[in-house]
Every structure is written in structure tokens, then in C-alpha cells.
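Q: I'm new to this one and would like to go through it slowly. Could you take my questions as they come?

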Amino acid sequence: MKLTSVVVTLWYRAPEVLLNQPYTSALDIWSAACIIAEMFSREPLFPGASEKNQLDRIFELTGRPSANAWPAGISISRDSFANRPSKQPRDLCRYLCEYSNDLLAQMLAFEPRSRPSAMECLHHAYFKQEPL
């Protein structure tokens, strides 16, 4: 089924939506990670002003994807984004613990197939630690 590219508020859109790629449930994992980070930091993780700016903000934090990871047939060139190294998981949200930052880093993987499923997220060490 063909879906609109505005299925999710801009700040929570996964890169594949911004690049007009097929939808999978990995889109929801990305959006959930953005919301989790925002709940703890009380500010949006990627407050983009346009689709291009949104990708810029994502790559500023996660690093520009490798040439092999960049989808074929995309009208926007990978080279139009600055080549930044990805930050360490701890930098994703400074208010979260090591486990939660690791989980967020996995949930914010550029390639949808690299993101954990919802069930895999629930089995992450974050949900097995003792409450603080």
C-alpha cells in the first residue's frame, strides 16, 4: 500500500520516510526512540525545520551513513550532507543511563533492518536493571 510521506510528525520521522523508502515496523522503533529521548531531556532530539534539515540533524548525531548504506535511486545525494562521525551512545541523551543510551543507539540505526524489533527492545538489558 502506498502511504504518504507525512505519516509522522517531522521530528519523529525515520530516515527511510524522509528518503521516500518503503515503510516497515522499524519506523515505529525510530519514532519511539525519539519520544523516549525527548521525555527524559524535555527537548526534541531532532527538531528539524524541513526534510533536508531533519536529515542534517539526524546525521549530526548519528553520523552520515556509509555509501553502502545509502539507498539506491534517491534523488538527494549522500554527499549533500556533511561527513560527521557518529557520536557515542552516551551523547544521544545525557540524562539517560548507559543501558538506555545503548538501546536508543540501536533503535536509531540508519538502516531499518538493523533496528531491533519491539520484542528485542523489551529484552534489552535496560529493562532488566534494577530501578534507580
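Q: Where does E16 sit?
A: E16 has its place in helix 1, where helices are DSSP runs of H or I with at least four residues, strands are runs of E with at least two, and both are numbered from the N terminus. Please keep in mind that this is a predicted model, in which local features need pLDDT of at least 70, side-chain atom pairs count only at pLDDT 80 or more, and totals for chains, interfaces and linings use all residues. Residues are numbered from 1 along each chain as its sequence is written, and side-chain values use heavy atoms, with hydrogens and water left out.

Q: And is E16 buried or exposed?
A: E16 is buried, at a relative accessible area of 5%; buried means under 20% relative accessible area, exposed over 50%, and partly exposed in between, with a 1.4 Å probe and protein chains only.

Q: What is E16 in contact with, leaving aside its neighbours within four places in sequence?
A: With those neighbours set aside, E16 is in contact with Q21, P22, A26, L27, F110, P112 and R115, a contact being heavy atoms within 4.5 Å.

Q: What does R115 form with E16?
A: R115 and E16 form a salt bridge whose closest N and O atoms are 2.7 Å apart; the term stands for a side-chain nitrogen of Lys or Arg within 4 Å of a carboxyl oxygen of Asp or Glu. Since R115 lies in the loop between helix 4 and helix 5 (118-122) while E16 lies in helix 1, the pair ties together parts that are 99 residues apart in sequence. R115 counts as buried too, at 6% relative accessibility.

Q: Why would such side chains pair at all?
A: In general, side chains of opposite charge can pair when their charged atoms come close.

Q: How many salt bridges does the count come to?
A: The count comes to 6 salt bridges. One of them joins D56 to K52, with the closest N and O atoms 3.2 Å apart, and these two, being 4 residues apart in helix 3, are separated by about one helical turn. D56 is partly exposed at 22% relative accessibility, and K52 is partly exposed at 32%.

Q: Which residues are linked in a network of salt bridges?
A: R64, R78 and D79 are linked in that way. Within this group, D79 and R78 form a salt bridge with their closest N and O atoms 3.6 Å apart, and while D79 is exposed at 61% relative accessibility, R78 counts as buried at 17%.

Q: Switching topic, what's in the largest nonpolar core?
A: The largest nonpolar core has 29 residues, and W30, F46, F59, W70 and L108 have the most contacts inside it; such a core is a set of buried Ala, Val, Leu, Ile, Met, Phe, Trp, Tyr and Cys residues joined through side-chain atoms within 4.5 Å. At least two of its residues come from each of helix 1 (15-18), helix 2 (26-41), helix 3 (51-62) and helix 4 (98-107), and helix 2 supplies the largest share, 6 residues.

Q: What does F59 touch, beyond four places in sequence?
A: Leaving aside neighbours within four places, F59 is in contact with R64, P65, W70, F81, R84 and F110.

Q: And the overall picture?
A: The protein's secondary structure comes to 5 helices and 0 strands, and 39% of its 132 residues count as buried.
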